[in-house]
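Good morning, and thank you for joining this group meeting. Please keep the sequence and the structure in view as I speak.

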Amino acid sequence: MPESTRMLCYLFMAGCAIMLTPSGALESLNTSVMVISKEEAIISNHSVCGMSRDSIAATGEKLLKQLSQCQNLTAHQIKAIRQIFSSGNTSFGPPSTWTSSVLDQLSQLILILDHSILQSIPKNVLMPWLENSILHSDLSQNQLVHIRESLKSSRTKRGIATCPTDKVITKEILNDDLMDELLFYTPIELKLCLTKENLMNNISAFSDYPFTDEQLKAVKDKLDEIFPEGYPPAVFSNLGLIEKLIDEKKIKQWTINSTSTVHALLDSVSDDKLRIAVIQRYIESRKQINSDFLDVLGPYICLLNEDQFSMITEKSIEMATLLDPSNCSSAIKDHLYPKAKRAFSDRHYEYSEYYKRIRPFLGGAPGEDLRALSKNDVNMDIQTFLGLKGSSLKELTPENVKGLLGTNLNNLRDNQNVPLVREWIQKQKQSDLNSLGLGLQGGLPEGFIILKRHKK
């Protein structure tokens, strides 16, 4: 290996910051050596990111752009970079003389600047530049808002208690479809300047506006301040992007004691964990599960836990009209079916009405009850049929299935490859399947006994 290459490898392994001159000589970036010109430097990014504070100070502005690309600068490195800018000994000059073109050249470097440097930049330069940067800068919206935040000292932030007069949110601002002016409000300004009237009259606009995460949190914090015991239904039904900031812990602090609130929340949130928290909070408040609550639950009844299911009475099932456990687990259907059967027992001889009420619960029905239904022309739809328990379906003959499906029998042929149906077919005599006239194949042939071979 050539000596120069060997030295290069060694220096990389040692984590040194190195540079290769046009003549091929290697120079280490150290305070004890002469710094070569920018045109001569070909720097390894890895080496630059590992430079010490003294090495950064020695190179001045020569490596600032390379350093700005480093993802994990240390506090000492950042301090050294800021000192270079503060000194004014750069081609950009002192911060107090910077123009918008200088800010454009800085690009990502502006994110390293601290409060004192930003305050030194003329406000009639920096503020217009920030506003225009939303359209053409490489900086993200979050980064631009962060810069605005940095312009305020921590002491000033603590001292603010009222909305600045030039930041009052007027009807004209809210009537603008884009509400662009709000984009430049800091989170603190949003929280101070938003009013209950602002939010309630424009909640859908605020909840779907493309705020930064910090700005959106400020909107939510204002809502929490206005409604400490929980949001009203008008807010629940327009949560939009705010939903992602709500967690189970927050819901447990709310007062949820009306079915209208439960209904608004269940339909507004998209996370079942949040829905479970809403259900739990309501039940804790009311200590009961009545028919109104079951109607509000509808398909969300599957989210109840075992203790909550035990609170459901036959009377509440009888009075409910929108309850639908058809998509719940087999265990839930098994739990609810006996209660539903008893709840509708007074209609047992009015099979059309009885079937209409019992249908969502049939996933928990035993084979005996399904055979009884097959004698009463219920014309079961195929989706309900496919939701039956496999163990119950195995007890049914082709004649029973024909009685259950009635006018929907042809749908069985279209679903013969569904595992539930295929398993049932394989348990039937082929001659009985033929009697259905559907062309179903795979049943037991006549005159044969199928024995399982035991492995040795």
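I begin with Asn-400, which is found in helix H28, residues 398–405. Please bear in mind throughout that this is a predicted model.

Is Asn-400 buried or exposed? Its relative accessible area is 14%, and the cut-off for buried is under 20%, so Asn-400 counts as buried. Leaving aside neighbours within four places in sequence, Asn-400 is in contact with Arg-371, Ser-374 and Glu-395.

Let us now consider the helix around this residue. H28 is mostly covered, with 6 of its 8 residues buried. These buried residues are Pro-398, Asn-400, Val-401, Gly-403, Leu-404 and Leu-405. Against which helices do they pack? The buried residues of H28 pack against H25, H26, helix H27 (390–393), helix H29 (410–414), helix H30 (419–426) and helix H31 (430–434). After H28 comes Gly-406, and the phi of Gly-406 is positive, near 55°.

One of the contacts of Asn-400 was Ser-374, and I turn to that residue next. Ser-374 is located in the loop between helix H25 (367–373) and helix H26 (382–386). Although it sits in a loop, Ser-374 is counted as buried, at 9% relative accessibility. Setting aside residues up to four places away in sequence, Ser-374 touches Asn-400, Gly-403 and Leu-404.

Ser-207 has its place in helix H14, residues 203–208. Ser-207 is buried, with a relative accessible area of 1%. What does its side chain reach? The side chain of Ser-207 reaches the backbone oxygen of Ser-204, at 3.2 Å. Not counting residues up to four places away in sequence, Ser-207 also touches Asn-238, Leu-239, Gly-240, Leu-241 and Ile-242.

Two packed helices are described by the angle between their axes and the distance between the axes. For helix H18, residues 259–268, and helix H19, residues 272–286, the axes come within 10 Å and cross at roughly 175°. An angle over 145 degrees counts as roughly antiparallel, and H18 and H19 are therefore roughly antiparallel to each other. Which residues meet there? From H18 come Thr-259, Val-262, Leu-265 and Leu-266, and from H19 come Arg-275, Val-278, Ile-279 and Tyr-282. By class, this contact of H18 with H19 has 6 nonpolar, 1 polar and 1 charged residues.

Next, the disulfides. How many does a search of the whole structure find? The search finds 2.

One is formed by Cys-163 and Cys-193, whose sulfur atoms are 2.0 Å apart. With 95° about the S-S bond, this link of Cys-163 and Cys-193 is right-handed. The pair links distant parts of the chain, 30 residues apart: Cys-163 is in the loop between helix H10 (154–159) and helix H11 (171–175), and Cys-193 is in helix H12, residues 187–193. Cys-163 counts as partly exposed, at 21% relative accessibility, whereas Cys-193 counts as buried, at 5%.

The other is formed by Cys-302 and Cys-328, with sulfur atoms 1.9 Å apart. The torsion about the S-S bond of Cys-302 and Cys-328 is about -90°, so this disulfide is left-handed. This pair, too, links distant parts of the chain, 26 residues apart: Cys-302 lies in the loop between helix H20 (291–297) and helix H21 (306–309), and Cys-328 lies in the loop between helix H22 (314–319) and helix H23 (330–343). Cys-302 is partly exposed, with a relative accessible area of 25%, and Cys-328 counts as buried, at 6%.

Finally, I come to the whole chain. The protein has 31 helices and 2 strands. Of its 456 residues, 41% are buried. Among contacts between residues at least 6 apart in sequence, 62% join residues at least 24 apart.

Thank you for your attention.

Definitions and conventions:
Residues numbered from 1 in each chain as written. Predicted model: local features only at pLDDT ≥ 70, side-chain atom pairs only at ≥ 80, totals over all residues. Heavy atoms only, no water. Helix = DSSP H or I, 4+ residues; strand = E, 2+ residues; numbered from the N terminus. Buried < 20%, exposed > 50% of the residue type's maximum accessible area, 1.4 Å probe, protein only. Contact = heavy atoms within 4.5 Å. Polar contact = N/O pair within 3.5 Å; in protein donor to acceptor, adjacent residues only side chain to side chain. Axes fitted to C-alpha atoms, helices over the stretch in contact; angles between N-to-C directions. Parallel < 35°, antiparallel > 145°, perpendicular 65-115°, else oblique. Nonpolar A, V, L, I, M, F, W, Y, C, P; charged D, E, K, R; others polar. Disulfide = S-S within 2.5 Å.
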